[in-house]
Each structure stands twice: as C-alpha cells, then as structure tokens.
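Visitor: Hi, could you walk me through this model?
Guide: Happy to, here it is.
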Amino acid sequence: MKKITSMEYNSLVWFLIRAGYIGITISTIISISKRDSWISVLIALVLGFIPLAIFSYLRNYDENKNICELNEYLFGKFGKVLNIILAVGVAVVAQLAFHDIVHFINTQFLYRTSPVLIAAVFIVPIIYGVLKGINAISRTSLLLFYPVVIAVIFITASVFSGVELNNLKPIFTSTPSIFHGSLIVIAYNILPLFFLLIIPKSSLTNYSKKKSAIFYIIAILTLADAAFLTVGTFGIELSMLYEYPEFHLLKKVEIGNFVDRVESILSIEWLIALFILIMVGLYYVCKTCAHTFKFKEKTNKVFIVFACLMLVFINPFILVTNGSMNELFKIPMLYFMFFFFFIIPLIIWIACHLKHPHNK
C-alpha cells in the first residue's frame with residue numbers, strides 16, 4: 001500500500017463526519033431537539049472526543065496493524081469472529097447510506113426514474129473506487145475536498161442574512177432532548193470515523209492527532225452551522241415538515257439571475273460525502289473479509305464486485321417511509337451504532353490495556 005498523506009486522510013475525516021447529515025442526522029435532531037438542534041451538535045462536538053480518544057489509542061497501539069490485525073493479536077481466533085461482526089456493522093451503515101443517496105436523488109431530482117436504475121448507475125463509480133483501493137479513495141477525497149469547502153463557505157455567506165433569530169427562541173427548552181440529539185450526532189457523524197482504523201498508522205505520512213482534531217472540530221461546526229441556518233431561516237415548524245430541510249435551504253442561495261436550480265449544484269457536496277462514506281465502508285468490509293478468509297487477488301476482486309452489487313439488490317427491500325426512517329434513527333439504529341462502534345471499540349481498548357498497560 002502506498003502512503004496516504006495527512007491531508008488525504010483528514011479529507012476522509014471531513015467527509016465521513018458530514019456524510020450522514022443529509023437525510024439522517026439533521027431531520028432526526030430537528031424532530032428531537034427542535035430549536036436547540038444546533039446546541040445538540042455543539043455538545044456532541046465535546047462529547048465526541050471520548051470515542052475519538054479510543055480510536056486514536058487503537059490506531060497508535062501498533063502502527064503496523066489495522067483494526068483487523070489488532071483484534072486477532074489481542075483475541076486470537078475470537079478476533080476473526082469479532083472482525084466479521086464489525087464488518088457486518090459497517091456493511092449495514094454502508095447499505096443505509098446507499099439507500100439514503102438513492103432515495104434523495106429519486107425524490108428530489110429523478111422522481112420519474114426507477115430507484116433500481118438510479119442505484120445501478122451509482123454503483124458503478126463505487127465499484128471502481130473500492131477496486132482501486134483506499135489510496136485512490138483518499139486521493140479522490142482530497143481532490144474534492146477543496147471545492148466542497150468553498151461551497152460550504154459560499155452557502156453560509158449567502159444564507160446567513162436570511163436567519164431570523166426569533167425562530168431560534170426560546171433555547172434550552174428540554175435538556176433531555178438536547179442530549180438525545182447530541183447522541184444522534186455522535187452516532188451518525190462521529191462514530192463512522194471508526195472505519196478509518198482499517199488503515200494502519202504506518203500507511204499514513206506525517207499523521208498528526210492535532211491536525212485530525214482540527215478537521216474534526218471544523219467539520220462538526222459546519223454541522224452546527226447547517227442546523228442553525230435551517231431552523232433560523234425556516235422556523236421549527238417548516239423545518240420539521242421538510243423531508244430534506246437542508247436541501248431546501250440551498251434554494252435560498254442565489255448566483256445572479258443566470259443560474260437556475262442552484263440547489264441542485266450545491267447539493268452535490270452532500271452526495272460526495274455519502275459516496276466517500278460508502279466507498280470507505282465497503283473497503284473496510286472487503287479488506288476485513290480478504291484478510292480473514294485469505295482471499296487471493298482475483299477472488300478478492302470478485303468479492304468486491306459482489307459486495308458492491310449487494311447494495312443494489314438489497315436496497316429495494318428497505319421499504320421505509322420518511323416518518324418510520326426518523327423513528328428508526330432515533331432509537332434502534334442509535335443503539336446499533338453505539339454497540340458496534342463504541343462499545344466494541346471500548347472492549348478492544350480495555351483488552352489493549354490488559355495486554356500491555358503502558359503501551360500508547
């Protein structure tokens with residue numbers, strides 16, 4: 001594996017944090033925390049350093065081992081079982097992200113087009129990216145990072161003047177709801193950073209925890225900014241009514257009088273984040289299976305194509321409405337995410353301390 005630069009890695013951090021926000025996090029936290037949604041995101045920023053510290057420790061424990069190799073080192077044969085369990089968890093997240101992107105395109109742009117056809121078209125670049133490996137994914141991520149950051153700044157500057165502070169009052173109306181919203185943000189926007197543990201530290205050039213922390217903070221602040229602008233612009237009632245409130249917010253952006261449907265252009269940055277999350281997730285799954293079952297190169301490529309195509313085959317069976325999707329992400333998937341990507345990593349962290357208490 002070629003070395004991944006610090007900027008390439010941190011661009012992955014940026015996109016994995018932002019990926020689950022459209023269609024999942026923002027709609028859910030608005031329905032839970034309401035006017036305090038942006039406060040929930042800020043609290044999540046602080047609490048999120050707990051899982052980040054665990055992930056950082058696991059990465060630094062042995063710089064030559066990825067999470068699969070570390071599990072086998074710590075738990076022996078059970079480590080292989082644990083790796084498959086984690087791969088299943090990652091696969092579920094990738095599947096839901098794929099459903100999210102297909103549903104978004106189908107409902108907002110191509111509502112007369114079959115979701116199966118949309119899924120079939122979108123799976124092609126995903127297969128190509130996963131086949132090329134994490135180096136190609138990270139380079140693509142960095143290439144897209146700069147225009148996306150410019151788009152985020154432009155959107156914020158364009159929409160900010162339309163914010164009505166009265167729409168954000170009163171604040172702190174329900175403390176339990178605020179913290180529930182924070183857990184939602186941690187689950188869907190911070191815990192997926194666990195996927196990056198499939199990359200051993202030795203494969204990173206000039207890796208810096210401080211740089212990654214800066215990217216983490218800025219990315220979470222952009223999520224708080226999106227919640228603030230959405231509720232501040234539309235008010236809580238209208239924000240709860242929209243299926244994709246952050247997409248409708250983009251309709252407030254204007255680029256002169258010569259560009260129509262500017263929201264269609266600007267929403268691409270959310271789609272890019274979802275694509276990156278899906279590709280990193282599938283890379284994690286395929287890398288885990290190739291390591292566990294000792295796939296040869298040709299077999300591994302066939303498995304990658306098969307794993308990617310499974311997203312298309314399974315997607316039609318995810319028959320949930322917008323309302324039931326929100327309920328799914330409020331409680332059941334919340335437990336799922338914390339079990340797979342917080343509790344299990346915490347157990348691995350404890351095992352590391354028991355094996356070598358002073359290892360850092």
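This is a predicted model: local features need pLDDT of at least 70, side-chain atom pairs count only at pLDDT 80 or more; totals for chains, interfaces and linings use all residues.

Visitor: How far apart are the end C-alpha atoms of H14?
Guide: They are 37 Å apart, which agrees with the 38 Å that its 26 residues (268-293) should span at 1.5 Å a residue; the expected span is 1.5 Å times one less than the number of residues. Helices are DSSP runs of H or I, at least four residues, numbered from the N terminus.

Visitor: And how many of its residues are buried?
Guide: In H14, 22 of the 26 are buried, so this helix is largely enclosed by the rest of the structure. Buried means under 20% relative accessible area, with a 1.4 Å probe and protein chains only.

Visitor: What comes just after H14?
Guide: Lys 294, with a positive phi of about 55°.

Visitor: New topic: where is Asn 60?
Guide: Asn 60 sits in helix H4, residues 49-61. Its relative accessibility is 16%, so Asn 60 counts as buried.

Visitor: What lies 2.9 Å from a polar atom of its side chain?
Guide: The backbone oxygen of Ser 56.

Visitor: And how far is Ser 202 from Asn 60?
Guide: Their C-alpha atoms are separated by 9.5 Å, although the two residues are 142 apart along the chain.

Definitions and conventions: Residues are numbered from 1 along each chain as its sequence is written. Side-chain values use heavy atoms; hydrogens and water are left out. Helices (H or I, at least four residues) and strands (E, at least two) are DSSP runs, numbered from the N terminus. Buried means under 20% relative accessible area, exposed over 50%, partly exposed in between (1.4 Å probe, protein chains only). A polar contact is a pair of N or O atoms within 3.5 Å; within protein, one must be able to donate a hydrogen and the other to accept it, and residues adjacent in sequence count only if both atoms are side-chain atoms.
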